[in-house]
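User: I'd like to learn how to read side-chain contacts in a model. Can you walk me through them?

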Amino acid sequence: MENKVKNYWDERAGLNQNSVTGTTDDVYLRELEIRIFSDTLKDCGVTKESRILDVGCGDGYTTINVAKRFPETSFIGIDYSENMIKNATKNLGNTPLVASHVSFKVANATLLSETFAKESFDFILSDRCLINLETKENQFAALSQIGRLLDQGGVYIAIENFMEGQKNLTEARQKMGLTEIPVRWHNLFFEETEFRKNASASFRSVDITEFSSSYYFATRVIYSAICKLRNEQPDYLNDIHKVAIDLPTNRTKTPIR
């Protein structure tokens, strides 16, 4: 299963070499995620001396655009897809202003302790990465390794999916006469109680916020219902996605750890 998922991302990278759709077709969701990462890093006191690791960086689009906001801070992005890292390196070459403090390498999220045996980081990010690991055991093993790679007082900022959010979205869509959006075959969503229990073993504190719930409600419920009325197919480039990233969120200033 691991190879099947890896092959999926290698193939997707090949089909999206010159596109912002490398890791998701929802390009405005990526912009929202970049904003959340950047704001949270700022809230947590990132400095030019900070070292930041992006686990599962894909084509590097998010890493590079977060790094633009912190021009002297060191970023390392890793991904187990060789093709994604090729795209990330190419994208970095097209962004010379950040090339001096951003780098990419092929590495596996389940082998972090081996890859960075003698290194540590002030901040670690993951963006829909751990949900691509095929078992809960691997997910929580990776979570534990992330905890070990953090410096004392370091912060892990994860954008991952939970079944609770999936359930809420499904219920809202059903009330509008819409069908469920199934979890993709290569994803394994977390369950909040189980996540908290396992994360608490590696982190001093754990905070979960639904920063994208307004965005999903606007785009996957309201907009989808309008499309159904008009007998149209939803379009990720529709302006509702663009404006929905500015909807209020319940993001707090206390991330994981």
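User: How many aromatic pairs does a search of the whole structure find?

Analyst: Rings of Phe, Tyr and Trp (its six-membered ring) pair if their centres lie within 6.5 Å; planes under 30 degrees apart are stacked, over 60 edge-to-face, and the rest tilted. The whole-structure search turns up 9 aromatic pairs. One of them is stacked: tyrosine 156 with phenylalanine 203, at 5.6 Å centre to centre and 20° between the planes. This pair ties together distant parts of the chain, 47 residues apart, with tyrosine 156 in strand S5 (150–159) and phenylalanine 203 in the loop between helix H8 (192–199) and H9. Helices (H or I, at least four residues) and strands (E, at least two) are DSSP runs, numbered from the N terminus.

A word on the source: this is a predicted model, where local features need pLDDT of at least 70, side-chain atom pairs count only at pLDDT 80 or more, and totals for chains, interfaces and linings use all residues. Residues are numbered from 1 along each chain as its sequence is written, and side-chain values use heavy atoms, with hydrogens and water left out.

User: Are tyrosine 156 and phenylalanine 203 buried or exposed?

Analyst: Buried means under 20% relative accessible area, exposed over 50%, and partly exposed in between (1.4 Å probe, protein chains only). Tyrosine 156 and phenylalanine 203 are both buried.

User: Why is the pair of phenylalanine 162 and phenylalanine 195 called edge-to-face?

Analyst: Because their planes stand at 80°, with the ring centres 5.3 Å apart. Phenylalanine 162 sits in the loop between S5 and helix H7 (163–175), while phenylalanine 195 is in helix H8, 33 residues away. Phenylalanine 195 is buried at 2% relative accessible area, and phenylalanine 162 is buried at 16%. Ring pairs also join these two with Phe140 and Phe190 in a cluster.

User: What about salt bridges: how many does the structure hold?

Analyst: Look for a side-chain nitrogen of Lys or Arg within 4 Å of a carboxyl oxygen of Asp or Glu. The structure has 12 salt bridges. Among them, glutamate 82 meets lysine 6 at 2.7 Å, N to O. Glutamate 82 belongs to helix H4 (82–93) and lysine 6 to helix H1 (2–15), 76 residues apart. Glutamate 82 is partly exposed at 36% relative accessibility, whereas lysine 6 is buried at 18%.

User: And where does the charged end of lysine 4 sit?

Analyst: The rule here is NZ of Lys or CZ of Arg within 6 Å of the ring centre and within 35 degrees of the ring normal. Lysine 4 has its charged end over the ring of tryptophan 185, 4.8 Å from the centre.
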